[in-house]
Amino acid sequence: MTKTAVFYPQGVCSRRYEITVTDGKIEKIDIVGGCNGNLKGIVSLITGMEAAEAVRKLEGITCGPKPTSCPDQIAKALREML
């Protein structure tokens, strides 16, 4: 089963995520805004990964003094999709 969702992150520089999960695995993530190189790296690392595993790895990461980060917001989006 394939599910695609759009998520608008809060408290970070990125503005929009479009995520596709197929049979529990991350198939594709498109991110608008944020730190381009860092987010490309994160997307490359978690594409093909079980969404639940990505949530475990990314959840709770902060960015400087902020209580959240782009990885944490990706985890939140994935959690909503599961």
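Reply: Start with helix α1, residues 36-46, where Leu39, Ile42, Val43 and Ile46 are buried. Buried means under 20% relative accessible area, exposed over 50%, and partly exposed in between, with a 1.4 Å probe and protein chains only. Helices (H or I, at least four residues) and strands (E, at least two) are DSSP runs, numbered from the N terminus.

Me: What do the buried residues of α1 pack against?

Reply: They pack against β2 (14-22), β3 (25-33), α2 (51-58) and α3 (70-81). Contact means heavy atoms within 4.5 Å. This is a predicted model: local features need pLDDT of at least 70, side-chain atom pairs count only at pLDDT 80 or more, and totals for chains, interfaces and linings use all residues. Residues are numbered from 1 along each chain as its sequence is written, and side-chain values use heavy atoms, leaving out hydrogens and water.

Me: Why say that the buried residues of α2 line one face of the helix?

Reply: The buried residues of α2 are Ala51, Ala54, Val55 and Leu58. Down the axis of α2, they fall within an arc of 105°, so they line one face. Their cover includes β2, β3, α1 and α3.

Me: Which residues make the contact of α2 with α3?

Reply: The axes of these two helices come within 8 Å and cross at roughly 145°. From α2 come Ala51, Ala54, Val55 and Leu58; from α3 come Pro71, Asp72, Ile74, Ala75, Leu78 and Arg79.

Me: Why is the pair of Phe7 and Tyr17 called stacked or otherwise?

Reply: A search of the whole structure finds one aromatic pair. The ring centres of Phe7 and Tyr17 are 5.9 Å apart and the planes stand at 25°, so the pair is stacked. Rings of Phe, Tyr and Trp (its six-membered ring) pair if their centres lie within 6.5 Å; planes under 30 degrees apart count as stacked, over 60 as edge-to-face and the rest as tilted.

Me: How do you know whether Phe7 is buried or exposed?

Reply: Its relative accessibility is 10%, so Phe7 counts as buried. Tyr17, at 0%, counts as buried too.

Note on methods: Axes fitted to C-alpha atoms, helices over the stretch in contact; angles between N-to-C directions. Arc of directions from axis to C-beta.
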